[in-house]
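Reader: I am new to reading protein models, and I would like to go through one slowly. Could you give me the general idea of each feature before turning to the case itself?

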Amino acid sequence: MKKPPDPHYRHRFPAELMRHAVWLYHVFSLSFRDVELLLAERGIFVSYESIRRWCLKFGASFANNLRRRRPAR
């Protein structure tokens with residue numbers, strides 16, 4: 001059986017960095033430029049447009065993972 005393709009394949013930045021940027025954007029309700037500034041303070045220079053693309057591409061799967069982790073009511 002074939003493995004599903006890796007969604008992070010052929011990206012310039014590591015998957016952990018992209019996950020962290022998407023996490024910052026969604027959890028703290030920051031703007032893309034705010035996330036860009038936070039990463040720049042850590043020495044990671046990424047454009048806000050890249051962060052926007054990552055949020056569009058990986059945001060749905062990130063939100064689904066958060067919903068799965070919530071305890072049942």
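Author: Let us begin with exposure, for which a residue is called buried when its relative accessible area is under 20%, exposed when it is over 50%, and partly exposed in between, using a 1.4 Å probe and protein chains only. At 41% relative accessibility, Arg19 therefore counts as partly exposed. Please keep in mind that this is a predicted model, in which local features need pLDDT of at least 70 and side-chain atom pairs count only at pLDDT 80 or more, while totals for chains, interfaces and linings use all residues. Residues are numbered from 1 along each chain as its sequence is written, and side-chain values use heavy atoms, with hydrogens and water left out.

Reader: What does the protein chain average in pLDDT, and which elements have the lowest and highest means?

Author: The term pLDDT stands for the predictor's confidence in each residue, on a scale from 0 to 100. The protein chain averages 85, and 89% of the residues score at least 70. Among the elements, α2 has the highest mean pLDDT, at 96, whereas α3 has the lowest, at 85.

Reader: How many helices and strands does the protein chain have?

Author: Helices (H or I, at least four residues) and strands (E, at least two) are DSSP runs, numbered from the N terminus. The protein chain has three helices and zero strands, so that its pattern along the sequence reads α-α-α. The helices are α1, residues 15-27, and α2, residues 32-41, together with α3, residues 48-69.

Reader: How much of the protein chain is buried, and which residues have the most contacts inside the largest nonpolar core?

Author: Buried residues make up 23% of the 73 residues in the protein chain. A nonpolar core is a set of buried Ala, Val, Leu, Ile, Met, Phe, Trp, Tyr and Cys residues joined through side-chain atoms within 4.5 Å. The largest one here has 14 residues, and those with the most contacts inside it are Val22, Val35, Leu39, Val46, Ile51 and Trp54. To this core α1, α2 and α3 each supply at least two residues.

Reader: Which residues is Val22 in contact with, once its neighbours within four places in sequence are left aside?

Author: Contact means heavy atoms within 4.5 Å. With those neighbours left aside, Val22 is in contact with Trp54, Cys55, Phe58, Gly59 and Phe62. For the protein chain as a whole, among contacts with a separation of 6 or more, 47% come from residues 24 or more positions apart.

Reader: Which residues does Tyr48 touch, not counting residues up to four places away in sequence?

Author: Tyr48, which is found in helix α3, touches Phe32, Arg33 and Glu36 by that count. The C-alpha atoms of Tyr48 and Phe32 are separated by 5.2 Å, although these residues are 16 residues apart along the chain. Tyr48 counts as partly exposed because its relative accessibility is 32%.

Reader: How many salt bridges are there, and why can such side chains pair?

Author: Side chains of opposite charge can pair when their charged atoms come close. A salt bridge is a side-chain nitrogen of Lys or Arg within 4 Å of a carboxyl oxygen of Asp or Glu, and by this rule the count comes to three. In one of them, the side chains of Arg19 and Glu16 meet at 2.4 Å, N to O; both residues lie in helix α1, three residues apart, about one turn of the helix. Glu16 counts as exposed because its relative accessibility is 58%.

Reader: Which residues are linked in a network of salt bridges?

Author: The network links Glu49, Arg52 and Arg53. Glu49 meets Arg52 at 2.6 Å, N to O, and the closest N and O atoms of Arg53 and Glu49 are 3.9 Å apart. Along helix α3, Arg52 lies three residues from Glu49, and Arg53 lies four residues from Glu49. Glu49 is partly exposed, with a relative accessible area of 25%, whereas Arg53, at 51%, counts as exposed.

Reader: Where is Ser29 placed, and what is its phi?

Author: Ser29 is in the loop between α1 and α2, and its phi is near 50 degrees, a positive value in a residue other than glycine. Ser29 is exposed, with a relative accessible area of 65%.
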